[in-house]
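Student: I would like to work through a structure with you. Please put it up, and then I will ask about it.

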Amino acid sequence: MKILERPSLKSLNTFGVEASAGLLLTIETEEDLLSLPALDPYRDFVLGGGSNVLFTSDVPGTVFLNRITGKEIISEHDGYAQLEVGAGENWHQLVRWSLDQGLSGLENLSLIPGLTGAAPIQNIGAYGVELSSVLELVTAWDWQNSTWVTFNRDECLFGYRDSLFKSVNTGRYFITSIRLQLNRQFKPQLDYAGLQDSLSSMGIDQPGAKQVSDTVIRMRQQKLPDPAVTGNAGSFFKNPVVSMDEAELLRSRYPGLPTWPAGADRAKLSAAWMIDRCGWKDFQENGAAVSSQHALVLVNQGQASGQHILELARKITDSVAQEFGVALEPEPKIYKGPDSF
Ligand code: FAD
Ligand code: NAP
């Protein structure tokens, strides 16, 4: 376990905003956790790759940096393989490694930044696939009871960019590994808009899993700002899910508003469309801006603080609520400091 006093968190969050912590503890083994006092959710914070957080305050306590690595195929039967993966493994490298093992299921989730331990937190999803479709088990350290716990898929309470760990019990569990079930036989999932077309445009009609992964990577590189170049945390807002009736009403007022089915009697609305419609395209203030590439992505043009980015997010949220009567919710975890709880 490595210990650093008064570290800057700037290089540890993809927004690249300045914040400091009292202490930085790098957790490299499960044993490291056993000797630690319980995390105080007001003063401490668990950090993976920092690609889904916004620091609007310093962290007065300890930042626990998850760096527990290791990945192996632990069993194989009936055409499926079970993988146990340390929470500190880089997610995208895991995707590519699994493809090299001849396993499929993760290809649509290629190039999502961050570490494996954070993947269950918001049930990462992209191109029509969510982590929940392949996840079998989450193992975590329960700070509250100082004990190891496991959660099967149902117990994780996965939803759209949501889980038990994000909404109900924020900060209570330190995820140390996850178990995935992947397929030896490739079953392509190409329904998501643009994916099939992109493959077809390259003359690929019956793609392999690696070709799907390569295509997702290419599409993402074309559409999303690279956090290594421009600070961002991907989509800042979730697409709101509303009742079918509300969606119908909104569609009658705004015929161009894209909506998609989202479970029984619910519909998902395009947050990007509503933000564009409110005139936010290319808006910038204090170095915080709406990405010109993607309306859902807020970027740090270099000098923005977490507060500046949060202020912009609030203005956008207010304007969408006023125009559409719809509440936008932020997707990243916003750390506001001990006084804000
Ligand atoms: P962090 O940002 O470090 O942490 C996120 C949250 O999880 C925090 O609340 C943190 O406390 C908690 N946490 C992290 N690790 C642990 C742990 N081991 N135990 C307990 N709690 C933990 N997300 C998607 O779903 N789909 C996408 O397609 C997608 N695309 C993105 C594209 C870009 C350019 C960027 C910058 C982000 C994107 N994201 C996407 C968001 C982000 O990459 C994912 O949510 C990712 O899983 C976050 O991983 P991380 O390790 O960086 O988590
Ligand atoms: P896109 O394809 O331009 O679509 C924009 C939005 O429309 C997405 O948010 C997506 O919702 C929704 N959408 C489009 N087609 C859909 C369909 N057939 N069914 C349901 N919803 C549909 O999206 P993009 O921004 O380039 O991203 C492509 C994929 O990567 C999306 O799945 C997106 O979620 C994911 N992504 C996520 C983040 C993040 O930080 N969370 C960042 C970048 C990309 P969904 O978001 O529900 O898919």
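**Rings, ligand shell and backbone**

Tutor: The charged end of Lys71 sits over the ring of Trp97, 5.4 Å from the ring centre. "Over" means that NZ of Lys or CZ of Arg is within 6 Å of the ring centre and within 35 degrees of the ring normal. This is a predicted model: local features need pLDDT of at least 70, side-chain atom pairs count only at pLDDT 80 or more, and totals for chains, interfaces and linings use all residues. Side-chain values use heavy atoms, without hydrogens and water.

Student: Which residues do ring pairs link into a cluster?

Tutor: Rings of Phe, Tyr and Trp (its six-membered ring) pair if their centres lie within 6.5 Å; planes under 30 degrees apart are stacked, over 60 edge-to-face, the rest tilted. The structure holds 16 aromatic pairs. Ring pairs form a cluster of Phe15, Phe236 and Phe237.

Student: Which residues come nearest to ligand 2?

Tutor: Near means that a heavy atom of the residue lies within 4 Å. There are 16 residues around ligand 2. By class, they are 6 nonpolar, 5 polar and 5 charged. Here Ala, Val, Leu, Ile, Met, Phe, Trp, Tyr, Cys and Pro count as nonpolar, Asp, Glu, Lys and Arg as charged, and the others, Gly among them, as polar. The nearest are Arg161, Lys223, Lys268, His294 and Glu331.

Student: How far is a polar side-chain atom of Glu331 from a nitrogen atom of ligand 2?

Tutor: Polar contacts here are pairs of N or O atoms within 3.5 Å. A polar side-chain atom of His294 is 2.4 Å from an oxygen atom of ligand 2. For Glu331 and the ligand nitrogen, the distance is 2.7 Å.

Student: How much of the area that ligand 2 exposes taken alone does the protein bury?

Tutor: Areas come from the Shrake-Rupley method with a 1.4 Å probe. Taken alone, ligand 2 exposes 780 Å². Of that, the protein buries 80%.

Student: Is Tyr127 buried or exposed?

Tutor: Tyr127 has a positive phi of about 50 degrees, although it is not a glycine. One of its polar backbone atoms is 3.0 Å from an oxygen atom of ligand 2. Buried means under 20% relative accessible area, exposed over 50%, partly exposed in between (1.4 Å probe, protein chains only). At 11%, Tyr127 is buried.

Student: And is Arg6 buried or exposed?

Tutor: Arg6 is not a glycine either, yet its phi is positive, about 45 degrees. Its relative accessible area is 56%, so Arg6 is exposed.

Terms used. Residues numbered from 1 in each chain as written. Chains lettered and ligands numbered in written order. Polar contact = N/O pair within 3.5 Å; in protein donor to acceptor, adjacent residues only side chain to side chain.
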